Amino acid sequence: MTGYLAFEIRRTLRDAKFLLFAVALPVGLYLLMADRFADMGLPAPYVMGSIAAFGAVKTALDVGARTAVERGIGWQRQLRLTPLSGLGYLLAKASVAMVVALPPVAGVSLVAALVSGVRLPAGGWALAVLGVWAGAVPFALLGLLVGQFATAQNLQAYQGAVVLLLSFVGGLFIPVSTFPPLLASVAKALPSYWLAQVGHAAALGGDGWRAALILTLYALVLGTVVAVRYRLDTARA
């Protein structure tokens, strides 16, 4: 698996346009939304936590979902003929998604510090960046799951729908406190809401342990579903 993982990381990091977009989109959204959120009485650290979560969610999910293209061209069938195990393949894909999820989180945090003057102690920055990044694991797995159900033709539709649901309903762009009670309950059932809570807790104080526990449960459930789905695909092949 190590050799395959190194190959996947090199291949992904060579895609300069993808990496640039992965960082530029959340940074641009932060710059656009910081003043708007400030008018609503929400401080820059709150916006930083929400948009950093969005960057991690979108990037991790996009990388994982690319497996739909590989499945469509028969790459997964070819890999099954190698010593690489199914578990090794899934772990490598999830690991690549996590590698690529770090730059947007770090980029948003850096811009928040330089442009908005966000100041945190060293431990706060570590939790704001590394905590949100580590919390992206469920979204890397969700991307793999999307890639197992989607095809190359409808992948963008699947990705767009999932990202919109997680971002808007999950409260990354609109504070959940402004939602009607029913929609707020739906938001709190989504993993994106809890990922933002990790960033908010790091920047503004609070208990992020509940959010971390819920994200861990999401990761365990999604990991199990991804493994079962991959095993079923292998059996059919």
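**Close-up views of aromatic and buried residues**

The structure is a predicted model, in which local features require pLDDT of at least 70 and side-chain atom pairs count only at pLDDT 80 or more, whereas totals for chains, interfaces and linings use all residues. Residues are numbered from 1 along each chain as its sequence is written, and side-chain values use heavy atoms, with hydrogens and water left out.

**View A. The aromatic pair of Phe-37 and Tyr-46.** The whole structure contains 4 aromatic pairs (rings of Phe, Tyr and Trp, the last by its six-membered ring, with centres within 6.5 Å; planes under 30 degrees apart are stacked, over 60 edge-to-face and the rest tilted). Because the planes of Phe-37 and Tyr-46 meet at 35°, with ring centres 6.3 Å apart, this pair is tilted. Both Phe-37 and Tyr-46 are buried (under 20% relative accessible area; exposed is over 50% and partly exposed in between, with a 1.4 Å probe and protein chains only).

**View B. The ring cluster of Phe-54, Phe-168 and Phe-173.** Ring pairs join these three residues. Phe-168 and Phe-173 pair edge-to-face, at 5.0 Å centre to centre and 80° between the planes. Phe-168 is partly exposed, at 37% relative accessible area, whereas Phe-173 is buried, at 10%.

**View C. Arg-229 over the ring of Phe-149.** The charged end of Arg-229 lies 4.2 Å from the ring centre of Phe-149 (a charge sits over a ring if NZ of Lys or CZ of Arg is within 6 Å of the ring centre and within 35 degrees of the ring normal).

**View D. The surroundings of Gln-148.** Gln-148 is buried, at 4% relative accessibility. Beyond four places in sequence, its contacts (heavy atoms within 4.5 Å) include Thr-67, Arg-71, Leu-90 and Arg-229.
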